[in-house]
Amino acid sequence: MKTRLLLLLIYGFFLMACQKEGIEIFSGEMVYISFTKDATKDSVSYSFKTYPSGEIVAQVPVRIRGHYLTEPCKFTVSAVLDSTTLPESAYVLPEVCEFSPGQEQDTIVVRFLNNFEDLDNETYRLFLQINEEGNVKQGEYAYRIAKFYVSDKLDAPDWWTRNDGTENNYYNIVEQVYLGTYSVVKYTMFLDLLEEDGVSFDGEDMMVLKKYATKLKYQVEAFNNDPNNQAAGLTPLKDEKGRPIQIPVAG
C-alpha cells in the first residue's frame, strides 16, 4: 500500500513538473503529429526568382509521437487564417496526408504558385497547422506551426545566412569559406551558373556549393581581367551596393 501511494505521489509530481515546463505527455491511443522546425526560431523563405517555372514544390517534414503506428495514419493540415497573408489561390495543400507506419518522420507536400501580382513589393506568409481530428492531436507546442514566407524578391536563402552549429554559432561556412557576403547581384550570377548546367541547389550538397562558388569566382576574375572592361571603367565588378564582388572559395 505504501509503495503504491509512493508511486502515485511520484507520478503526480512528474505530471506537475511536465505541466510547469510545458512538456507534452503522450499516452493511450492518441497520435501526436508536429512539424520538425521550432516555430519560435525557424521559418522557410522562398523566392520565385529561383523557380522560373512559377511553381514551388515544398517537401515539409513532420514527425510523430505517441501511439506506435502499425498501419497508415491519415490526417489533414490547414492554414492558420488569422496569421496567413498569402492568397488561398497561391498555395495548394494536400487534401489528405498519410503518415506511414514504423517510422518517426514523414513528409507532406505543399505547392506554392506564382499566380498573382505584388510579389515584387511584399513578402507573403503561410502559417500551416496540423488539424486535430479523431485520435490525431497536435504535438509539442513550439512545433505546431510551420512558417513559410513567399515573395518574388531575391532575398538571401536560408542556407546562405544560417550558422552551422559550431561553437557559439558565429561561424557561417557559406559566407566565410565559399561565397562571401550575400548580395543580389552575386546570388543572381550564382543562380545563372546553376541554370546553365540544369542544376538545382537546396543548400545541402557542399560539393555543388564549392563547384559553383569556384565557377563564380573564375567568372568574376575573368570579367575584372578583361582589358575592355578595364578600359571602360567597369572593374572591379560591383554589387547593387557598390561593393566589389569577392568570392573567398579556394580554387
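Among contacts (heavy atoms within 4.5 Å) in the chain between residues at least 6 apart in sequence, 71% join residues at least 24 apart. This is a predicted model, in which local features need pLDDT of at least 70 and side-chain atom pairs count only at pLDDT 80 or more, while totals for chains, interfaces and linings use all residues. Residues are numbered from 1 along each chain as its sequence is written, and side-chain values use heavy atoms, with hydrogens and water left out.

**Exercise 1.** Determine whether Leu-69 is buried or exposed, and state which residues are in contact with Leu-69.

*Solution.* Step 1: Leu-69 is located in the loop between strand S3 (55-66) and strand S4 (73-75); strands (E, at least two residues) are DSSP runs, numbered from the N terminus.
Step 1: Buried means under 20% relative accessible area, exposed over 50%, and partly exposed in between (1.4 Å probe, protein chains only). Leu-69 has a relative accessible area of 9%, and is therefore buried.
Step 2: Neighbours within four places in sequence aside, Leu-69 is in contact with Val-31, Ile-64, Phe-99, Ser-100, Pro-101 and Gly-102.
Step 3: The C-alpha atoms of Leu-69 and Gly-102 are separated by 6.0 Å, although these residues are 33 residues apart along the chain.

**Exercise 2.** Classify Asp-120 by its relative accessibility.

*Solution.* Step 1: The loop between strand S8 (105-113) and strand S9 (124-130) contains Asp-120.
Step 1: Asp-120 counts as partly exposed because its relative accessibility is 47%.

**Exercise 3.** Which share of the chain is buried?

*Solution.* Of the 251 residues in the chain, 36% are buried.

Key:
Helices (H or I, at least four residues) and strands (E, at least two) are DSSP runs, numbered from the N terminus.
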